[in-house]
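Thanks for coming. I will go through one structure today, taking salt bridges, a pocket and aromatic rings in turn.

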Amino acid sequence: MQIKKELYFFVFLGLILLALFLRVYHLGQFSLFSDERSSVLLGVANTNQGGMGELMRPDKTFTPADFWAPRGIKSWLDADARGDVSGNSLVHDMMLKLFAWLFGKGDAAMRSVSVMFNMLTIWVMFRWARQFTKSNIWTLAIVLFAAIEPFFVIYSQQARNYATSLFFTTASNYLFWLLVIKREGELNGNKKYLLLWAIASLGALFSTYLTALALVGQFAYMALFVRNKSIWLRMITRLGLILVPFVAWFIWGPARYFMGFQANAAEQLITYIKKNGEIPGWLEFATPSNLFKRTISILSDHFFWTNDLYVKHGFKIGTVLLVGFLFLVYQWVKSLDRANRGVYVLGIIQIVLPVVFLFAAAVNAGTTSGFFLRYACFGLPFGIFLSVGLFDYILKQAIWYRIFAFVYLLAQTYQLVELFVPLYTDQHQKYTFSVNRGPNPYPLIASTIQAKYQKGDTVVYPSSKANILDSKYLRNLVIDPLDAQNVNLYLSETDSFIQRVDPYLQDSVLIKKSNGQVIVIFDFKKGKYRY
């Protein structure tokens with residue numbers, strides 16, 4: 001099935017513009033939440049949440065110039081080690097710093113990194129689809145499904161590393177397909193593609209450590225289906241080049257603390273729920289029932305046809321529908337010849353492998369805190385390929401199947417759009433717990449200080465002591481400097497405001513005048529505005 005080139009171009013352009021609109025609409029309207037602020041602090045200011053404890057001790061004062069003063073590579077590596085899972089998102093952090101330099105530190109600018117990488121992911125999927133689908137209309141269908149994929153849309157509006165890692169793993173898988181699967185590895189001697197695969201794979205590993213599973217999946221495919229020794233030699237040689245800097249990062253870099261960080265986090269989480277009970281949907285014991293539900297939800301959300309059905313109809317019916325869908329996928333993939341089957345078999349491996357790993361990790365940890373789609377999202381592009389491919393297969397069946405497929409397509413499209421529409425009003429939405437946020441308070445506090453501060457004044461920050469999980473890294477802190485850090489992020493390195501943190505102040509940011517007058521700049525209302 002083909003459409004004319006002129007129409008094809010305009011439809012493609014329309015879908016790309018739709019995808020871009022869905023990702024940038026209200027992009028900076030609602031404040032960064034805690035995880036996003038953690039990424040921005042580390043990426044832009046080279047400090048982790050709760051860091052700079054020595055600089056911001058309650059018996060000392062400091063200025064924005066002190067906050068921004070260069071501290072050398074050792075200090076940066078230390079901050080990275082204490083940041084997001086010990087150096088887990090280096091590439092994303094570097095891009096945050098670049099975007100802050102180019103466009104400023106506004107929330108929209110920081111989230112634009114994720115928008116850019118998700119749009120690039122759609123472009124890679126489009127380029128890839130053109131090479132393995134015979135019909136240009138199905139290429140457009142893949143772009144459409146990607147444009148409205150709830151995970152893509154929602155995480156494009158977060159300053160986190162998921163969209164970044166998804167792009168690099170998609171690029172790595174695409175180049176692997178070119179090198180190993182397309183035309184039985186005919187292009188494997190192409191040095192440009194080999195170099196690009198190595199770069200994309202390295203970018204993935206330095207976006208999040210879990211992307212190592214994408215490489216494991218690629219070589220699992222080779223172990224099952226590739227017998228050409230020349231292909232193996234070239235791929236293993238490049239794999240060695242990829243692993244050298246990555247292993248060095250784990251031996252000498254921030255990642256050397258990774259295992260300790262994970263063990264401490266697991267200890268905190270299991271202790272917390274034993275003491276306080278489960279937090280439904282996030283922090284639960286790894287019981288068979290909870291593991292089953294998480295597994296069904298993650299697998300279902302990979303596919304257009306089954307996404308969120310377990311919510312709409314319950315897990316029993318959702319499981320039956322997922323099994324039925326997977327049976328149809330099996331029947332269809334089995335009917336394909338070897339040349340057309342490869343991309344889908346690779347996709348099934350890349351979908352299943354992360355889920356199996358996360359399942360085992362949850363059993364080992366005793367909690368489901370790390371068992372979410374965002375940690376297994378590398379298979380989502382393949383989920384879209386499989387969803388579109390199955391649709392094409394159904395349309396070759398009897399008329400009643402085709403009618404049902406079209407009706408279901410419309411209904412499911414409406415349902416998936418409903419999943420991300422609340423994003424634009426910050427109401428309850430899939431994949432995130434942050435709701436009812438206002439504008440980011442920290443830039444507002446910074447601008448107020450710049451407007452009202454006079455020589456001789458002192459800015460006083462509260463110490464929220466937000467240590468919900470009793471982390472051993474925070475237990476002995478005299479103060480929590482997080483509010484001070486977040487405000488100084490938006491102050492200039494040329495500002496000379498005298499500042500300090502009051503260990504007994506909980507929610508108010510103050511300016512204390514030289515004559516004793518106290519001005520309340522902002523009140524967090526017992527944490528209400530610490531999103």
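**Salt bridges, a pocket and rings**

Let me start with Arg530, which forms a salt bridge with Asp483, the closest N and O atoms being 2.7 Å apart. The two partners come from distant parts of the chain, 47 residues apart: Asp483 sits in helix H20 (residues 482-488), and Arg530 in the segment after strand E4 (518-523). Helices here are DSSP runs of H or I with at least four residues, strands are runs of E with at least two, and both are numbered from the N terminus.

Before going on, a word on the source. This is a predicted model, where local features need pLDDT of at least 70 and side-chain atom pairs count only at pLDDT 80 or more, while totals for chains, interfaces and linings use all residues. Residues are numbered from 1 along each chain as its sequence is written, and side-chain values use heavy atoms, with hydrogens and water left out.

The cut-offs are under 20% relative accessible area for buried, over 50% for exposed, and partly exposed in between, with a 1.4 Å probe and protein chains only.

A salt bridge means a side-chain nitrogen of Lys or Arg within 4 Å of a carboxyl oxygen of Asp or Glu. By that rule the count is 13. Shared partners join Glu36, Arg111, Asp426 and Arg437 into one network.

Arg57 pairs with Asp59, with the closest N and O atoms 2.5 Å apart; Arg57 is partly exposed at 32%, and Asp59 is exposed at 54%. Lys396 pairs with Asp392 at 3.6 Å between the closest N and O atoms. There Lys396 is exposed at 62%, whereas Asp392 is partly exposed at 21%.

Next, the second largest pocket. It holds about 660 Å³ of space. A pocket is found on a 1 Å grid over the protein atoms alone, as an open set of points where a 1.4 Å probe fits, with protein on both sides within 12 Å along at least five of seven lines; lining residues have an atom within 4 Å of a point. The volume is the space filled by probe spheres set on the points.

Which residues lie nearest the centre of this pocket? They are Gly281, Tyr310, Val311, Lys430 and Tyr431, out of 26 lining residues. The lining divides into 12 nonpolar, 6 polar and 8 charged residues.

Gln415 is buried at 11%. Apart from neighbours within four places in sequence, Gln415 is in contact (heavy atoms within 4.5 Å) with Asn307, Asp308, Leu309 and Lys312.

Last, the rings. The structure holds 50 aromatic pairs. In one of them, the rings of Phe304 and Trp305 have centres 5.2 Å apart and planes at 85°, so the pair is edge-to-face. Rings of Phe, Tyr and Trp (its six-membered ring) pair if their centres lie within 6.5 Å; planes under 30 degrees apart are stacked, over 60 edge-to-face, and the rest tilted. Phe304 is buried at 4%, and Trp305 is buried at 8%.

Ring pairs also link Trp128, Phe132, Tyr174, Trp177, Trp332, Tyr344, Phe382 and Phe385 into a cluster.

Note on methods. Ala, Val, Leu, Ile, Met, Phe, Trp, Tyr, Cys and Pro count as nonpolar, Asp, Glu, Lys and Arg as charged, and the others, Gly among them, as polar.
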